[in-house]
Amino acid sequence: DWTMGAYREEAIRKIREQVGDKQVICGLSGGVDSSVAAVLIHEAIGDQLTCVFVDHGLLRLNEAQEVVTMFRDHYNIPLIHADESDLFLGELEGVSDPEQKRKTIGRLFIDVFQKYAGEIEGAEFLAQGTLYPDVIESVSFSGGPSVTIKSHHNVGGLPEKMGLKLVEPLRELFKDEVRALGHELGLPASFIGRHPFPGPGLAIRCPGEITREKLDILRKADAVYIDQIRRHGLYDEIWQAFVAILPVRTVGVMGDGRTYDYACALRAVTSVDGMTADYYPFSHDFLGETATRIINEVKGINRVTYDVTSKPPGTIEWE
Ligand code: XMP
């Protein structure tokens, strides 16, 4: 696409002009926006960029490894993988209120990010994948305004607190343009087309108390569900799809025995911007096949339900 090619050249020129020979830190979430920003900035200033990927232990199956492999091994971008899952999961122990979960994760995220960023010598800039809609603040969700480290984690003032100047090369773009730019920069289509994933991650897909056991079960069930959706060629028709593990055990039968395991809910919605959403009308065959696969393949789940709530009155996430 010639327009994106031109945009890319111009953006690179501007980044070089703004940053000079100084160091830049970029918080990488694994999402499309911060990824495109990171790759673009790396193309402009190379190893003057260091990415910090905060792993809160609330990511999907294999997600952390995929991010590390792509950015460190494939793109050769200096990347700090801050594996702080023990810290986050420890502090979240016993926390069941959704807003308390968000606050706890947001606060720790800032602490951790600051700690790792502080180790990067001479950093003067913080890069963020802020988009035009974030600038005009058109997107909002149950936890506050969207995207960028500060709002992704519902906390503000980070760059000011750290005394860093902002680099925001995507500020003029809409989501579909960011995807086009990502494509232009060689990011894989499967990555560019990924469903949005919330900053607090699986914490808000595990209503009630979060335990490692529940997270492990949830990750496996979610992976089977997404695999089903991909196999049926439905992934790109859906805005977001995920599993929530419910805080309830139910009785089931398996072979000669009785089981007493967790119930889960499948969620899939279509949407334009996340502000309103319709539940996705899967066929009964798809739902039945998916339920069977999850129960057979995921130890710890013996009941699968499908959430048919649209937004409003429901939200997309369960918390
Ligand atoms: P809801 O559940 O409010 O979600 O209908 C709308 C969109 O926002 C995402 N979401 C979040 N994203 N931090 C985020 O970065 C959050 O705390 C958060 N809560 C919801 C949700 O995944 C959906 O895309």
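Visitor: Why does Asp-33 count as buried?

Guide: Asp-33 has 24 C-beta neighbours inside 10 Å. A residue is called buried once 20 or more other C-beta atoms lie within 10 Å of its own, so with 24 of them Asp-33 counts as buried. Please keep in mind that this is a predicted model. As for its place in the fold, Asp-33 lies in helix α2.

Visitor: Which residues does the UniProt annotation "binding site" cover?

Guide: In the unreviewed UniProt entry, that annotation covers Ser-29, Gly-30, Gly-31, Val-32, Asp-33, Ser-34 and Ser-35. Such annotations may be inferred rather than shown by experiment.

Visitor: What makes Ser-29 buried?

Guide: Again, the count of neighbours decides. Ser-29 has 24 other C-beta atoms within 10 Å, and the cut-off for buried is 20 or more, so Ser-29 is buried. Ser-29 sits in the loop between β1 (23-27) and α2 (32-45). Setting aside residues up to four places away in sequence, Ser-29 touches Ser-34 and His-152.

Visitor: Why is His-232 called partly exposed?

Guide: His-232 has 15 C-beta neighbours inside 10 Å. Buried would need 20 or more, and exposed would need 12 or fewer, so His-232 falls in between and counts as partly exposed. You will find His-232 in the loop between α11 (212-231) and β8 (240-254). His-232 and Phe-286 stand 54 residues apart in sequence, while their C-alpha atoms are 8.4 Å apart in space.

Visitor: How do you know that Arg-171 is partly exposed?

Guide: Arg-171 has 15 other C-beta atoms within 10 Å. That value lies between the limits of 12 or fewer for exposed and 20 or more for buried, so Arg-171 is partly exposed. The loop between β7 (165-167) and α9 (175-184) holds Arg-171. Leaving aside neighbours within four places in sequence, Arg-171 is in contact with Thr-130, Tyr-132 and Val-135. Arg-171 and Pro-133, 38 residues apart in sequence, are 8.4 Å apart from C-alpha to C-alpha.

Visitor: What makes Asn-62 and Asn-76 exposed?

Guide: Let us take them in turn. Asn-62 has 11 other C-beta atoms within 10 Å, and exposed means 12 or fewer, so Asn-62 is exposed. Asn-76 has 11 C-beta neighbours inside 10 Å, so by that limit Asn-76 counts as exposed. Asn-62 belongs to the loop between β2 (49-55) and α3 (63-74), and Asn-76 to the loop between α3 and β3 (79-83). Backbone angles deserve a look here: phi of Asn-62 is near 65 degrees, a positive value in a residue other than glycine, and Asn-76 has a positive phi of about 60 degrees although it is not a glycine.

Visitor: How many residues does each domain bring to the contact between them?

Guide: The protein chain is divided into domain 1 (2-192) and domain 2 (206-306), with C-alpha centres 29 Å apart. The contact takes 8 residues from domain 1 and 11 residues from domain 2. On the side of domain 1 that touches domain 2, there are 5 nonpolar, 2 polar and 1 charged residues.

Visitor: How do you know whether the radius of gyration agrees or disagrees with that of a compact globule?

Guide: For 319 residues, a compact globule would have a radius of gyration near 20 Å; the protein chain has 20 Å, so the value agrees. Along the principal axes, the C-alpha atoms fill a box of roughly 70 × 45 × 35 Å. The secondary structure comes to 12 helices and 11 strands, and 39% of the 319 residues count as buried. Among contacts between residues at least 6 apart in sequence, 72% join residues at least 24 apart.

Methods
Residues are numbered from 1 along each chain as its sequence is written. This is a predicted model: local features need pLDDT of at least 70, side-chain atom pairs count only at pLDDT 80 or more; totals for chains, interfaces and linings use all residues. Helices (H or I, at least four residues) and strands (E, at least two) are DSSP runs, numbered from the N terminus. Two residues are in contact if their C-beta atoms, placed from the backbone, lie within 7 Å. Domain bounds come from an automatic or database domain assignment. Ala, Val, Leu, Ile, Met, Phe, Trp, Tyr, Cys and Pro count as nonpolar, Asp, Glu, Lys and Arg as charged, and the others, Gly among them, as polar. The radius of gyration is taken over C-alpha atoms; the globule rule is 2.2 Å times the number of residues to the power 0.38.
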